[in-house]
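Let's take a walk through a protein fold together, one piece at a time. Keep the picture open beside you and look for each part as we reach it.

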Amino acid sequence: MNGFVKVAAASPVTKVANCTENIRRIESLIYKADKQGVQIIVFPELCITGYTCMDLFVQQTLLHEAEEALLRLVNKTKGLKLLCAVGMPLATENNLFNTAVVFQDGQILGIVPKTFIPNCKEFQEMRWFSSGSKLPEDRICIGDGMYPFGTDLLFSAKNSGGPVVGVEICEDLWTPVPPSSKLVMQGANIILNLSASNEIIGKNQYLKSLIAQQSARCIAGYVYASAGFGESSTDVVFTGKGFVAENGSILSESERFNTDDKLVVNDINLDYLQHDRLENVSFAPSFRNEDVTKVRRILFDVAPYKGTFDRFVDPYPFVPAEDDALKERCEEIFNIQTFGLIKRLRHINAKSAVIGISGGLDSALALMVTIRGFDMLNIPRKNIFGVTMPGFGTTGHTYKNAVSLIKQLGVSFKEISIKEACLQHFKDIGHDGKTTDVTYENTQARERTQILMDLANMTNGIVIGTGDLSELALGWATYNGDHMSMYGVNVSIPKTLVRYLVEWTANNLSDKKAQKTLLDIADTPISPELIPANEDGTIRQKTEDVVGPYELHDFFLYHFVRYGASPEKILFLAQQAFGKKYEDREIRKWLRTFLRRFFSQQFKRSCLPDGPKVGSISLSPRSDWRMPSDASSNLWLQELQDESPL
């Protein structure tokens, strides 16, 4: 469904050397996972016997029973379509291997041996096991059958674009070049790790970061299952850790310290992994590397997607959910903005700056960035000209905030009304000055820009742009009006994040008076104020009433640009994220609006002023987003014609 595959990491309670009880618990978890719609499941290392059998591993009784138990488990799960990987010891010729057995629907598909065998401190596997790096043969006998055997196996879905599964075992992950790094070069997009990682202080966090980093390095999904409660505690303790990661993010993890069977389920987004691999030119050449190990592909049928959608979809992908992370993000972004501006000021030897202050979010943030830049360069704040330019739609509330902010922050104040100039212009071009059409609005925006540009010429300064990323995506700017500046400090910051940045500057970079004004600005409805206010003086023209909620548009923008998601997939994800707040028809409506505007307004982005990139998404025509201005949106809009639920 929509390019997702449902995976699970399972850690059953273990009875050391009791294969019958162990496969009973494994079987139970497999059936439980199947009911939840899991398509791929991984179990811990040596889970059929238990990891802590020690010298019992070379007992023929245990090895024979492990093999018989495996065959019973495979037979008992016949009819289930989920792909399973379990750990067990397997002997061939004069070697014993720590292996992962992969099976589906009553059939063993292949066996992967562990490559790197730990032999220090509490781990002493070399006492029993051989490395899978050099095998005596590429097939192994289990029961009456011979099956593919080796570290070169990939389990590939028969359908195009489906999961391609690689396997590594515990220590393999901790090495400088894990087997998974080579497997992904041959196309693996999901890595299963069968592990037995004991608990010592600090190790869990390190392991968690290791899994996240490997999933990022491999641009892959990573499913990790570790030995559970019940393993011998003679010298160490095992608690059954489970993780599901994707491209640098931990999607799910199990509770560590409990005595129950554990099953961690989540959905891996294969489409997004494929997008990043196609986009990352450093990843692609590795497929042509002659040193990459050749693989044997074993095809399997992917079980149909069913059950609930387990993945959390963040409605605000640009805004960290945790307060500490949000504060850190705001500080980092603000510093990037400031340092970008400082470089430009030094390069052109500018001693002054001009910025239009509307009493809104974007201009407030741009002013705070400019002030910080001037302070760091030891240029007096009076060299910053904060200009308020009342027009036909300016309300008393925003005007008061604009004037107060300029004066409270100690920058030079200028007030220049645009009304007379606009009325003269209307007369010159034959406009009645009463019809509030696009000409009425754009005349005001262009007049303001002309004033700022000319003031910058007079003061040997630079015009600081205030427009943000969301406005650029929607083309919500007047061409050669507020669209234009000499350096745009907000150019890659989405509207949903601007508000938090203004609040952060209020709480961290201003005095009490300015703080109050900034916080009030953060609470003011977003508006260009180009149409006269209501009779009671309140804002009549609210941007989100016209183009739609910015929280939706920022969500659409993130998934469309960051991952190249199709409209169908964006709609599905938006329904998961906003289903309780917006009806399906509303989401569809505003997604159509986003797509139409995003395509039709590219010409404004094609001549965008310079400005710093701060996050993973930028619409700069010089680097991140290159698109023809006359590209058709029909193909994307056609996906949204069907009104039936996805």
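Before we set off, please remember that this is a predicted model.

To see how they line up, find Ala353, which stands opposite Ile462 in β19.

The crossing is left-handed as α7 passes α12. From α7, the residues Leu361, Asp362, Leu365 and Met368 take part in the contact, and they meet Lys495, Val498, Arg499, Leu501, Val502 and Thr505 in α12. Sorted by class, the residues of this contact are six nonpolar, one polar and three charged.

Now return to α8, which has a helix partner too. α8 and helix α13 (residues 512-522) pack with their axes 9 Å apart, at an angle of about 145°. Here again the crossing is left-handed, as α8 passes α13. On the α8 side you will find His397, Asn401, Ser404, Leu405 and Gln408, which meet Lys513, Ala514, Thr517, Leu518, Asp520 and Ile521 in α13. What classes of residue make up the contact of α8 with α13? There are four nonpolar, five polar and two charged residues.

One more helix pair deserves a visit. Helix α9 (residues 419-429) and helix α10 (residues 438-458) have axes that come within 10 Å and cross at roughly 125°. These two helices, α9 and α10, are therefore oblique to each other. Is their crossing left-handed or right-handed? The crossing of α9 and α10 is right-handed. In α9, Ala421, Cys422, His425, Phe426 and Ile429 meet Thr439, Tyr440, Thr443, Gln444 and Glu447 in α10. That contact has five nonpolar, four polar and one charged residues.

Next, let's move to another sheet. Seven strands make up this open sheet, ordered β13-β12-β11-β10-β9-β8-β15, and the pairing is mixed. Where are its edges? They are at β13 (249-253) and β15 (296-300), each with a single partner strand, so one side of each is left without a neighbour in the sheet. From one strand to the next, the twist averages 25°. At the β15 end, strand β8 (residues 153-157) pairs with β15 in the parallel sense over five bridges. Within this pair, Ser156 stands opposite Leu299 in β15. Helix α4 (residues 203-217) packs on the sheet, touching β11 (221-226), β12 (242-246) and β13, and its direction makes about 30° with that of β12.

Our last stop is the aromatic rings. Across the whole structure, a search finds 31 aromatic pairs. One of them is formed by Phe318 and Tyr558, an edge-to-face pair with 5.4 Å from centre to centre and 85° between the planes. Phe318 lies in the loop between β15 and α6 (323-348), while Tyr558 is in helix α15 (residues 550-563), so the pair ties together parts that are 240 residues apart in sequence.

Note on methods
Residues numbered from 1 in each chain as written. Predicted model: local features only at pLDDT ≥ 70, side-chain atom pairs only at ≥ 80, totals over all residues. Heavy atoms only, no water. Pairing = 2+ DSSP bridges. Helix = DSSP H or I, 4+ residues; strand = E, 2+ residues; numbered from the N terminus. Left-handed = near helix turned anticlockwise from the far one by under 90°. Contact = heavy atoms within 4.5 Å. Nonpolar A, V, L, I, M, F, W, Y, C, P; charged D, E, K, R; others polar. Axes fitted to C-alpha atoms, helices over the stretch in contact; angles between N-to-C directions. Phe/Tyr/Trp six-rings, centres within 6.5 Å; stacked < 30°, edge-to-face > 60°. Parallel < 35°, antiparallel > 145°, perpendicular 65-115°, else oblique.
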